[in-house]
Amino acid sequence: MGSLQKLTKKQESEFCLSCGECCKRYWITLLPSEASKIARLLKTSKGTFLPNYCMLNVKLYPKTTPGVLTFPTTFFPQRLFDLIKKEVATPAESFFIVPQVVLSRKNKIIFKFDSKRTQKEQRFSCSFLKAENACEIYPVRPEPCKLFPFIAMPDLREQYPFCELFKSTQKNLSIESKIYYKRVQEYFKNVDEKSFLGVWQYPPKKGLLFLGEKQIGEISLDELVSMMPKSSKKKQIYK
Ligand code: SF4
Ligand code: SF4
């Protein structure tokens, strides 16, 4: 199967502890071209890789003006609209929808002992993170993995107190990050123009729904597709 390599940034900096903490904290988003490379490495097809190793992450941000990936709540399934209403009594009339495919994460229960009690903590980590912090898809890991922790600007160092690499170096990948963000923008534009299914041929069938950064429930592929109808239908509503 994959290509197991010790995590991760040892090659990139003498300061990375290869602790794997970065693989235990974030959803790793994929662009379609990255999915193809990973599937090839795993010697499988995209049709097998995407539904089995990935899931949907859909983020909603209130937006009042028309634009890329902005859709009126008229299109939202009632179940999802009710989930939003539980969070905000009067939802915005339209939302910027960020529809992403992410690597699945596995759930691990960790027990912490102190003198008084035992605490149970749930930790999620990337399902490609294997024993001794080795990455199963290291040569083709997605761009956010390669750019971390320099995907943010240096003045955001306090966001990563757990990362020795970030604390110890002044390395700056802002140019690489900008190139990546441009590719992400192109992805959004493509989804807006061609639809989600026009960009992803075999997307995962299920995933999570977020209002901003807060997880508010689950979402199915069918629900996502109905929230984002083709541009012609959207234009009729905005006229
Ligand atoms: S793909 Fe590899 S580097 Fe990226 S989060 Fe998963 S285990 Fe870590
Ligand atoms: S959290 Fe930082 S130090 Fe640990 S593996 Fe990731 S990049 Fe390296």
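This tour moves through the structure one selection at a time and says what is found at each stop.

The model is predicted, so local features are given only where pLDDT is at least 70 and side-chain atom pairs count only at pLDDT 80 or more, while totals for chains, interfaces and linings use all residues. Residues are numbered from 1 along each chain as its sequence is written, and chains are lettered from A and ligands numbered from 1 in the order in which they are written.

**The whole protein**

Next select strand S5, residues 94-103, where 8 of the 10 residues are buried. Strands count as paired if DSSP finds at least two bridges between them, and S5 can be followed through these partners:

- Strand S3 (residues 54-62) pairs with S5 in the antiparallel sense over 9 bridges, and Pro-62 has Phe-95 as its bridge partner in S5.
- Strand S4 (residues 70-72) is also antiparallel to S5, over 3 bridges, with Pro-72 opposite Ser-94.
- Strand S2 (residues 29-30) is joined to S5 by 2 bridges, again antiparallel, and Thr-29 has Val-102 as its bridge partner.

Stay on S5 and pick out Pro-99, which lies in this strand and is buried because 25 other C-beta atoms lie within 10 Å. Leaving aside neighbours within four places in sequence, Pro-99 is in contact with Val-58, Val-191, Phe-196, Leu-224 and Met-228. Phe-188 is 89 residues from Pro-99 in sequence, yet the two C-alpha atoms are 8.3 Å apart in space.

**Helices H1 and H2**

Now select helix H1 (residues 32-41) together with helix H2 (residues 46-53), which pack at an angle of about 100 degrees with their axes 9 Å apart; the axes are lines fitted to C-alpha atoms over the stretch in contact, and angles run from 0 to 180 degrees between N-to-C directions. H1 is therefore roughly perpendicular to H2, a label for angles of 65 to 115 degrees. On the H1 side Ala-35, Ser-36, Ile-38 and Ala-39 meet Lys-46, Phe-49 and Leu-50 of H2.

From Ile-38, move to Pro-139, 101 residues away along the chain, with 8.9 Å between the two C-alpha atoms. Pro-139 is in the loop between strand S9 (134-135) and helix H4 (143-147), and counts as exposed because it has 11 C-beta neighbours inside 10 Å.

**The two ligands**

Finish with the ligands, taking as surrounding residues those whose C-beta atom, placed from the backbone, lies within 6 Å of the molecule. Ligand 1 is surrounded by 11 residues, the closest being Cys-23, Cys-126, Leu-129, Cys-135 and Cys-145. Ligand 2 is surrounded by 16 residues, of which the closest are Cys-16, Cys-19, Glu-21, Cys-22 and Cys-163.

Key
Buried ≥ 20, exposed ≤ 12 C-beta atoms within 10 Å, placed from the backbone. Helix = DSSP H or I, 4+ residues; strand = E, 2+ residues; numbered from the N terminus. Parallel < 35°, antiparallel > 145°, perpendicular 65-115°, else oblique. Contact = placed C-beta atoms within 7 Å.
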